[in-house]
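This briefing covers a few local features of the structure shown below. They are grouped by topic for a reader who has not seen the structure before.

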Amino acid sequence: MPSLWSLLAFTALACGVLASPSARSSSSSKSGLNLAAKSAKKLYFGTATNSDQWNDTTYFNILKSDAEFGQITPANVMKWFATEPEEGVFTFEQGDIIADFTKKTGKLLRGHNCVWYNQLPDWLTNGTFSAPDLAFIVTRHCYNLVNHYKGQVYSWDVINEALNDDGTFREDIFYNTLNTSYIPLALYAARAADPQAKLYINDFNIEGTGAKSTALKNLVKWLKANDVPIDGVGIQSHLIVGEVPTTFQQNLQEFTELGIEVAITELDIRFTSLPPTAAGIAQQQKDYETVIAACNAVPKCVGVTVWDFTDKYSWIPSTFPGQGYACPWDANYVKKPAYEGIIEGFESHH
């Protein structure tokens, strides 16, 4: 039998809802971003994180919340510098902390990432490798990394940022030595290492249609035509307030028409000058809503990840000095109107 206190609490709640005309409009902020995503039949709403932030109990309690986050991306600790710091020597301790956390909390894990031109260990960037040697190194790294987390990861960003904005391939250690062959090498190795994990190519400035998006669509078509495993494209979505591409939804749809899924993988929407104006904050809310509504409208857009949820740990200010205020929570863990924008995007009907 329910206690008197619980009955009183329920009565007070019911009266409050009946008495308050604004109860419906404010209730959405109590639902949580992941719950809103699930209600919209998405797999998850998630965030990137670094475990060295978890001593911050306010941060950690929000991160743990099933209502807010159903997916986690390790921001740094599964990258090459962290997982193969010396040639052939693999270190997974830091990545395991995040993988264990997702297991305990029942959240999905996105692996990030196998092959990227940045954050590489010195032995790799300073080395001189023949094409067969580098092909072996790429294959070994991707296989060992993905195999270590076999059965624990929903999807892997196998290839990260392989293209220039004009649609040409980025000239880096991998392309300069192996041409484009490193891309199928990495994807084949990842598939062999964990046949269940979804394999993605992840990139930025592919939010709207244009040269870079077209080049990536052509790459996906080529991979498919040549039976190279590819399951998804990650749309990073590091955006600027007021500059969300008008073709966002159309572009997501075009990617999924190639027979793959898409995800928004690194969302933040920054101000290029601070402090933001009231009009700017309203625009940021609208921009978050637009991005989420675009994913909501495309059935094979499976989920959305923010590149950390609070300005306190955002990568933006250190990378783009004088810019920021990009996340749904501010640096003091106050939810911004942007948070409501996300909820509204998931509630949008299409």
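C327 counts as buried because its relative accessibility is 0%. The closest cysteine sulfur to that of C327 belongs to C295 and lies 18 Å away, which is too far for a bond. The model is predicted, and the points below apply to that prediction.

**Cysteines and the disulfide**

- A search of the whole structure finds one disulfide.
- The disulfide joins C295 to C301, with an S to S distance of 2.1 Å.
- The torsion about the S-S bond of C295 and C301 is about -100°, so the disulfide is left-handed.
- C295 has 0% relative accessibility and therefore counts as buried.
- C301, the partner of C295 in the disulfide, is also buried, because its relative accessible area is 1%.
- C142 has 0% relative accessibility, so C142 counts as buried.

**Strand 3 and its neighbours**

- Strand 3 spans residues 108-115, and seven of its eight residues are buried, so the strand is largely enclosed by the rest of the structure.
- Strand 2 (residues 71-74) runs parallel to strand 3 and is joined to it by two bridges.
- H112 has its bridge partner in strand 4, namely D157.
- In a regular strand, side chains alternate between the two faces of the sheet.

**Aromatic pairs**

- A search of the whole structure finds 22 aromatic pairs.
- One of the pairs is formed by F174 and Y182, which are tilted, with 5.7 Å centre to centre and 35° between the planes.
- F174 counts as buried because its relative accessibility is 0%.
- Y182 also counts as buried, because its relative accessibility is 2%.
- Another tilted pair is formed by F271 and Y325, at 6.0 Å centre to centre and with 50° between the planes.
- The pair of F271 and Y325 links distant parts of the chain, as the two residues are 54 residues apart.
- F271 is in the loop between strand 8 (261-270) and helix 13 (278-297), while Y325 is in the loop between helix 14 (316-319) and helix 15 (337-347).
- F271 has a relative accessible area of 7% and is therefore buried.
- Y325 has 27% relative accessibility, so Y325 counts as partly exposed; buried means under 20%.

**Aromatic cluster and charges over rings**

- One aromatic cluster is formed by F45, Y59, F69, F309, Y313, W329, Y339 and F346.
- Y339, a member of that cluster, has the charged end of K335 over its ring, 4.4 Å from the ring centre.
- R110 places its charged end over the ring of Y200, at 4.8 Å from the centre of that ring.

Technical notes. Residues are numbered from 1 along each chain as its sequence is written. This is a predicted model: local features need pLDDT of at least 70, side-chain atom pairs count only at pLDDT 80 or more; totals for chains, interfaces and linings use all residues. Side-chain values use heavy atoms; hydrogens and water are left out. Buried means under 20% relative accessible area, exposed over 50%, partly exposed in between (1.4 Å probe, protein chains only). Helices (H or I, at least four residues) and strands (E, at least two) are DSSP runs, numbered from the N terminus. Two strands pair if DSSP finds at least two bridges between them. A disulfide is a pair of cysteine sulfur atoms within 2.5 Å. Rings of Phe, Tyr and Trp (its six-membered ring) pair if their centres lie within 6.5 Å; planes under 30 degrees apart count as stacked, over 60 as edge-to-face and the rest as tilted. A charge sits over a ring if NZ of Lys or CZ of Arg is within 6 Å of the ring centre and within 35 degrees of the ring normal.
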